[in-house]
Amino acid sequence: MGGLFGVVSTGDVVMDVYFGTDYHSHLGASKGGMAFWTQEGFCRSIHNIENVQFRARFEADLEGLKSNIGIGSISDTDPQPLTVRSQLGNYALGTVGRINNACQLADKAFKNPNVHLLEINKNRINQTELISVIIDCEDTFKDGLLAVQEKVEGSCSVLLMTPQGLYAGRDKFGRTPLKVGKKEEDDEKGKLKSSYCVTSESCTLTNLGYQMIYELGPGEIVYLSTDGLEKVSPPRKDMRMCAFLWVYYGYPASTYEGTNVEMMRYNCGAAMARRDKIEVDSVAGVPDSGLAHAIGYSNESKIPYCRPFVKYTPTWARSFTPQNQEVRSLVARMKLMPIPELIMGKRLLFCDDSIVRGTQMRETANLLYRCYAKEVHVRPACPPLLFRCPYLNFTITRSEMELAARRAIFDLEGGKMPDNIDSYCDPENEKYMAMVDYLGESMGFSSLVYQNIHDMVDAIGIGAEKLCTYCWNGKG
Ligand code: SF4
């Protein structure tokens with residue numbers, strides 16, 4: 001996926017950009033980068049963060065660095081931010097999103113024989129570079145950012161830094177968030193220092209001393225400078241924000257569109273408990289994002305919450321996601337440590353954020369049975385995943401047929417996929433129920449009940465019409 005952070009200030013911004021970008025590390029596992037405008041021009045560094053924490057990778061780059069403006073990005077795919085010198089001037093650029101028509105846009109751009117793309121890697125266009133090409137074809141940054149919204153199929157939120165200020169443009173359907181914070185403090189000489197930041201995750205704000213002052217609407221563009229916030233282009237009407245941010249990707253301390261992630265997860269777990277009649281000894285969550293759903297379930301059902309698994313954090317602090325499935329399963333297994341005293345002879349109910357391939361949850365259930373669990377009941381906090389996300393890029397690209405629910409349909413339909421799978425998206429439909437039974441049995445669970453899509457949407461509380469739920473029902 002990815003995240004963006006930037007600061008413009010009357011004082012130095014280096015440490016704020018460093019820590020603020022680091023606070024987006026949960027949103028991407030591939031590349032991290034920072035760019036500053038200094039007296040010598042751009043100072044930019046990009047590093048691979050696949051198995052190293054952002055802060056450890058970038059610490060050495062900060063030596064002697066001073067700047068009043070900088071941006072950082074965490075990315076699951078392309079190296080960024082990119083630094084550009086064009087007819088519009090110098091700028092640095094970071095993006096979050098996915099361009100489904102990248103090749104068509106590049107071919108169109110090549111009609112101008114002076115345009116070329118420099119950052120091709122394994123035949124893949126660097127999407128941030130392509131965005132810069134679109135921007136550079138227009139007369140102003142504002143027109144360039146509006147052109148991005150018009151031309152990109154998929155989604156794209158943008159952070160663009162000039163030597164004087166920051167342009168922030170949220171995706172035209174607001175699939176990913178952008179917020180603005182402000183802080184005023186005395187600098188080391190006692191002079192008032194005024195700073196504005198823009199961030200994908202609002203959880204960055206408090207510890208860095210910022211107050212949230214504005215949340216961009218879908219497609220809205222703002223400009224931040226030391227003079228404050230200027231609205232460049234108004235928000236659009238329609239929003240389709242990614243519902244998965246609340247269920248899984250977002251950080252618990254973040255709030256989007258007025259709904260805090262942790263609170264949403266409590267509501268989500270509570271809703272599952274209200275529909276459940278099961279009798280168990282304790283409720284647990286699969287670390288990390290399953291925990292809050294489980295707390296919500298436990299509070300509502302009054303069944304004790306416990307931790308039959310703990311994560312070994314001293315050396316697995318970062319979510320390491322190797323491409324190879326076997327290594328990934330091994331890493332997942334090694335990270336979680338069972339506590340046999342809480343498992344032996346117990347009827348356990350586990351909440352997880354979702355079931356993707358099912359491999360991990362199946363292995364977790366096997367481990368619990370090996371520790372003599374009596375029953376293992378599983379409650380994913382979102383409905384069965386049936387569609388691959390067409391709007392955001394993730395480190396691990398998976399085909400739709402890797403999704404456990406799709407494979408179940410394939411098996412139930414006698415080894416073929418029906419053209420229309422709407423009946424499998426409807427929790428009241430017999431086909432849906434047969435799919436869930438099949439999944440629960442094949443993974444060895446005592447019972448499996450997925451979150452109801454309406455309850456999940458209600459737990460977010462901003463209205464179904466403002467959310468993207470494509471992963472679950474193909475409606476984005
Ligand atoms: S398809 Fe799923 S992951 Fe992608 S934007 Fe929609 S809800 Fe989010």
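Does E129 count as buried or exposed, and at what relative accessibility? This is a predicted model, in which local features need pLDDT of at least 70 and side-chain atom pairs count only at pLDDT 80 or more, while totals for chains, interfaces and linings use all residues. Residues are numbered from 1 along each chain as its sequence is written, and side-chain values use heavy atoms, with hydrogens and water left out.

E129 counts as buried, because its relative accessibility is 8%. Buried means under 20% relative accessible area, exposed over 50%, and partly exposed in between, with a 1.4 Å probe and protein chains only. E129 is found in helix α4. Helices (H or I, at least four residues) and strands (E, at least two) are DSSP runs, numbered from the N terminus. Leaving aside neighbours within four places in sequence, E129 is in contact with L82, H116, L117, L118 and E119, where contact means heavy atoms within 4.5 Å. From E129 to T95 there are 34 residues in sequence and 9.5 Å in space, C-alpha to C-alpha.

Helix α4 (127–136) also takes part in the surroundings of helix α5. In α5 (residues 141–151), the buried residues are F141, G144, L145, A147, V148 and Q149. These pack against α4 and against the strands β6 (89–99), β7 (154–161), β8 (166–169) and β12 (221–225). A further buried residue is S233, since its relative accessible area is 9%. S233 lies in strand β13 (residues 228–233), and its contacts beyond four places in sequence are K142, L146, E220 and I221.

Next come the sheets. Seven strands form an open sheet in the order β3-β2-β4-β1-β10-β9-β11, with antiparallel pairing. Two strands pair if DSSP finds at least two bridges between them. The edge strands, β3 (41–48) and β11 (211–215), each pair on one side only. Inside this order, β1 (residues 2–9) and β4 (residues 69–75) run antiparallel and are joined by seven bridges; G3 has I74 in β4 as its bridge partner.

Another open sheet has four strands in the order β17-β20-β21-β22, and here the pairing is parallel. Its edge strands are β17 (282–285) and β22 (447–448), each of which pairs on one side only. Strand β20 (residues 347–352) is joined to β21 by six bridges, and L348 has V376 in β21 as its bridge partner. Strand β21 (residues 375–380) is mostly covered, as five of its six residues are buried.

Two helices, α12 (residues 404–412) and α14 (residues 430–442), pack at an angle of about 105°, with their axes 9 Å apart. Axes are lines fitted to C-alpha atoms, for helices over the stretch in contact, and angles run from 0 to 180 degrees between N-to-C directions. The helices α12 and α14 are therefore roughly perpendicular to each other. Angles of 65 to 115 degrees count as roughly perpendicular, under 35 as roughly parallel, over 145 as roughly antiparallel and the rest as oblique. In this packing, A404, A405, A408, I409, D411 and L412 of α12 meet A434, M435, Y438 and L439 of α14.
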